[in-house]
Amino acid sequence: MANVIVIGAQWGDEGKGKITDLLSKSADVVVRYQGGVNAGHTVVVQGQTFKLHLIPSGILYPDTACIIGGGTVIDPKVLIGEIDQLHQLNVSTEQLMISETAHVTMPYHRLIDQASEEKRGEHKIGTTKRGIGPTYSDKSERTGIRIVDLMQPDILRKQLQWTVEYKNAIIEKLYDLPPLNPKEVIEQYLEYAERLRPYVVDSSLKIYEAIKKRHNILFEGAQGTLLDLDHGTYPYVTSSNPIAGGACVGAGVGPTVIDRVIGVAKAYTTRVGEGPFPTELNDEIGKELGSVGAEFGTTTGRPRRCGWFDSVIGRYAVRINGLDCLAITKLDVLDNIDEIKVCVAYEVEGQRCENFPTNARIFAKCKPIYETVPGWKQSTAECRTLEDLPKAALDYLKFLAELMDVPIAIVSLGASRDCTIIVEDPIHGPKRALLDANGIPVKTNGN
């Protein structure tokens, strides 16, 4: 039995959906523990593409239970759309469960999110405008609507009648927008409630029961470490805690039940939205990474900013999350590049800095210090073992493992499930990955 957390080790969009999908094959339960429809996972199975925002990608395995935990915020319209899409593709949702304590994204959340982002002008954060921040704000303000409230029509009517009128005052007076009709909002959400009712459970209890049965549980986060509300590049962050510690809070479990934490990082770096990005490439190589890597946001369609691999933020992710091992994705995107640069440290006002600065003003001044390694100039698309990789590609992975001081367990070479080198299964494998921190393949447990 192993309980594993999968987190993004960069600014999100690292390919967690594919890694979660791969690991879900060995999991009995997959739990999404935070975030909302501002996240997006793309999974390709037998040529069929699934784009999911709320439902864990483990739903593609019929015997895997999938739980949307209490730490998430749920837009019922989007969730129902995902359920319907899966049904159209002949994917069952019988194993889907929704936490009754998860908060609900309402129409006024989306309106306020969009309007406030516009008001910020040059100070905009780069929000997806899906209402995530305002939903979490209401949660903290203790005025939010939860899934359990949707299940009680009389209570929902009372809550929403007052809340919509209160939010209308903000919408009209602060943003000069037309008000919402409370009756229409109430009736719409009562309809959503009936569609979702069969899936609603006490999710913490369900997870606890699975733990007692010694089931394998996979905890799936949205976004990435550098977008964490407390430990990311504030204020250009999300409104929740994607880091490993957030899994316990969002899922409703104690830290002692967690066995391993696996971080997912691209072989280069991307970022969506505003904020400093030391290794960003505004040149032809940056365009090539974006084009070859199909770097467009699953949720917004916005082009992602691209740059070289940043081991400073990588080491920070290892420290903040307590990573046991790494999954490196999109190695194949680098196949045609002559020379590859890796940021090994920053220069700040003439001083070398090897640790991530939590001061946003200092981070904005950081200039990357690079080391250059040779590219391999050949396709890795068909590689299925470490031995299949070109020597320069394997050397690159060894270099990243050494810089991050953490072993590599998985190497992804494309969107499909089969385009993957499984060095070690983080759920069933030994504690130590087979590609150690120095990049040397090792043998464990007689294997």
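## Overall fold

The protein chain contains 13 helices and 20 strands; helices (H or I, at least four residues) and strands (E, at least two) are DSSP runs numbered from the N terminus. Its radius of gyration is 22 Å, close to the 22 Å from the globule rule for 447 residues, so the protein chain is as compact as a globular protein of that length. Here the radius is taken over C-alpha atoms, and the rule is 2.2 Å times the number of residues to the power 0.38. The C-alpha trace spans about 65 × 50 × 40 Å along its principal axes.

Please keep in mind that this is a predicted model: local features need pLDDT of at least 70, side-chain atom pairs count only at pLDDT 80 or more, and totals for chains, interfaces and linings use all residues. Residues are numbered from 1 along each chain as its sequence is written, and side-chain values use heavy atoms, with hydrogens and water left out.

## Confidence

Mean pLDDT (the predictor's confidence in each residue, from 0 to 100) is 91 for the protein chain, with 94% of its residues at 70 or more. Over residues 440-447, pLDDT stays under 50, and the model has 13 contacts beyond four places in sequence for this stretch. Where pLDDT is low, the predicted coordinates should not be read in detail.

## Packing and surface

Of the 447 residues, 57% count as buried, meaning under 20% relative accessible area, with exposed over 50% and partly exposed in between (1.4 Å probe, protein chains only). Among contacts (heavy atoms within 4.5 Å) with a separation of 6 or more, 76% join residues 24 or more positions apart.

The accessible surface comes to about 18900 Å², 49% of it belonging to carbon and sulfur atoms; the areas come from the Shrake-Rupley method with a 1.4 Å probe, and for residues only the protein chains shown count as cover.

## Helix 1

Helix 1 covers residues 16-24, and nine of its nine residues are buried, so this helix is largely enclosed by the rest of the structure. Among the buried residues are Lys16, Lys18 and Asp21.

Histidine 103 lies in strand 8 (residues 103-104) and is buried at 9% relative accessibility. Beyond four places in sequence, its contacts include Thr72, Val73, Ile74 and Ile145.

Leucine 150, in helix 5 (residues 147-150), is buried with a relative accessible area of 0%. Leucine 150 also touches Ile145, along with residues including Pro76, Val104 and Arg197. Arginine 197 is 47 residues from leucine 150 along the chain, with 8.6 Å separating their C-alpha atoms.
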